[in-house]
Amino acid sequence: SSSSSSSSSSPPSGMRTLKLSLEDLKTKFPKHTVTTTLQCAGNRRSELNALGEKTQGLCWTTGAVSTAQWAGAKLRDVLKEAGIDPEKPGCKHVWFMGLDPPYDASIPVKKALDLYGDCLLAYEMNGDTLPRDHGYPIRAIVPGHVAARNVKWVNRVVASNQESHSGWQRGVQYKGFSSNIKSFKGVDPSKVASVQELPVQSAICEPLPNSTISEDEESVNVRGWAWSGGGRGIVRVDVSNDQGKTWHTAELKKLNQKEGQEWAWTLWEADIPIPHGGGGGGSNGDSFQICARAIDTSYNSQPGDVGPLWNLRGILNNSWHRINVKVDRDNSRTS
């Protein structure tokens with residue numbers, strides 16, 4: 001079952017405790033479908049570790065992200081049924097409590113009630129019943145926000161004036177700290193904002209890092225994805241073969257999404273000339289570097305330098321994505 005209530009013993013005026021079965025969610029509320037990308041805040045953490053100081057968390061490369069189509073009841077509709085007025089909600093946060101305590105998370109009520117925010121209590125994924133590994137029977141879907149807020153196995157929804165109490169919400173796990181913080185001893189995480197929307201991001205998927213391409217191809221086809229939080233779409237992806245001295249504009253393969261509700265990633269590709277000879281721009285006789293940067297609809301652009309983004313938790317690395325590729329000067333085929 002899923003319920004919606006105040007965190008206090010008696011709900012604020014107008015609110016009521018609401019108990020719903022899975023069947024209730026399916027039959028009492030219109031089904032809404034949304035395609036959205038979910039990305040861990042720790043995606044690309046390995047590049048921060050490569051700077052020499054280890055961070056805390058799994059050593060993700062670029063794979064802590066994916067995209068799916070979700071369907072379920074709009075969170076807004078369920079909260080309204082529980083007596084929450086979108087104009088005067090009487091609370092500040094909405095918690096998602098799961099069947100795997102102690103994990104829980106919360107989002108601002110403004111997002112939960114946003115008519116265009118597309119938050120769901122989802123029971124379907126890619127047109128089928130939600131798989132157990134992805135949160136069956138109910139999963140919170142919070143498009144444009146860090147994946148940690150998209151809680152699986154939800155059995156309780158709480159309206160509150162405070163954030164949820166778990167360490168993943170109030171602790172240091174999903175909060176952005178300066179690179180000068182080398183230990184969390186004595187750090188008060190309550191003074192640091194919780195990560196919600198994520199910054200603009202992109203990654204190169206092909207060619208693979210350290211793969212070999214043949215010089216006689218003259219160019220290499222570079223493909224990847226780009227995404228930004230908050231429903232901001234991607235307006236451009238630039239790709240360089242000389243560490244950003246010159247750029248090539250990629251072709252975008254955009255999904256049909258509404259302005260301000262561009263929750264899913266944009267795929268892109270570009271044909272990039274293979275540098276000839278050695279020296280300069282990150283190239284030598286046998287290898288060169290490809291880098292990519294994305295720009296979103298607010299014209300936020302990925303920063304070039306990964307160094308200043310280092311933080312102890314290893315989150316929020318959205319620097320230019322860079323890969324090195326080898327060049328076979330003996331005209332062998334791509335391997």
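**Questions on pockets, strands and buried residues**

Trainee: How many residues line the largest pocket, and which lie nearest its centre?

Mentor: The lining has 32 residues, and Cys40, Arg139, Ala147, Ala148 and Lys152 lie nearest the centre. This is a predicted model, so local features need pLDDT of at least 70, side-chain atom pairs need 80 or more, and totals for chains, interfaces and linings use all residues. Residues are numbered from 1 along each chain as its sequence is written, and side-chain values use heavy atoms, without hydrogens or water.

Trainee: What makes a space a pocket and not a cavity?

Mentor: Both are sets of points on a 1 Å grid over the protein atoms alone. In a cavity a 1.4 Å probe fits but cannot get out. A pocket is an open set, with protein on both sides within 12 Å along at least five of seven lines. Lining residues have an atom within 4 Å of a point. Volume is the space filled by probe spheres set on the points, which are joined across faces, edges and corners. The largest pocket holds about 750 Å³.

Trainee: Which strand gives the most to the lining of the largest pocket?

Mentor: S4 does, with five residues. Strand S3 (31-39) and strand S4 (65-74) each supply at least two. Strands here are DSSP runs (E, at least two residues), numbered from the N terminus.

Trainee: How do the lining residues of the largest cavity divide by class?

Mentor: Five are nonpolar, five polar and none charged. Ala, Val, Leu, Ile, Met, Phe, Trp, Tyr, Cys and Pro count as nonpolar, Asp, Glu, Lys and Arg as charged, and the others, Gly among them, as polar. The residues on that list include Cys40, Leu198, Pro199 and Asn317. The largest pocket has 17 nonpolar, nine polar and six charged.

Trainee: Why is Ser228 called buried?

Mentor: Buried means under 20% relative accessible area (1.4 Å probe, protein chains only). Ser228 has 1%, so it is buried. Ser228 sits in the loop between strand S13 (219-227) and S14.

Trainee: What makes the pair Ser228 and Asp296 a polar contact?

Mentor: The rule asks for N or O atoms within 3.5 Å; within protein, one must be able to donate a hydrogen and the other to accept it, and residues adjacent in sequence count only if both atoms are side-chain atoms. The two side chains stand at 2.8 Å, and the contact counts.

Trainee: Is Pro207 buried or exposed?

Mentor: Buried: its relative accessibility is 11%. Pro207 lies in the loop between strand S11 (201-206) and S12. Contact means heavy atoms within 4.5 Å. Setting aside residues up to four places away in sequence, Pro207 touches Val220, Asn221, Val222, Ile290, Ile323 and Val325.

Trainee: How do you know that S14 and S18 pair?

Mentor: Two strands pair if DSSP finds at least two bridges between them. S14 (residues 234-240) and S18 have six, in the antiparallel sense. Asp238 stands opposite Arg293 in S18. S18 also joins strand S19 (residues 321-328) antiparallel, again by six bridges. There, Arg322 is the bridge partner of Cys291.

Trainee: Why are S12 and S15 called edge strands?

Mentor: The open sheet runs S12-S19-S18-S14-S15, with mixed pairing. S12 (212-214) and S15 (248-249) each pair on one side only. S15 has two bridges to S14, running antiparallel.

Key: Helices (H or I, at least four residues) and strands (E, at least two) are DSSP runs, numbered from the N terminus. Buried means under 20% relative accessible area, exposed over 50%, partly exposed in between (1.4 Å probe, protein chains only).
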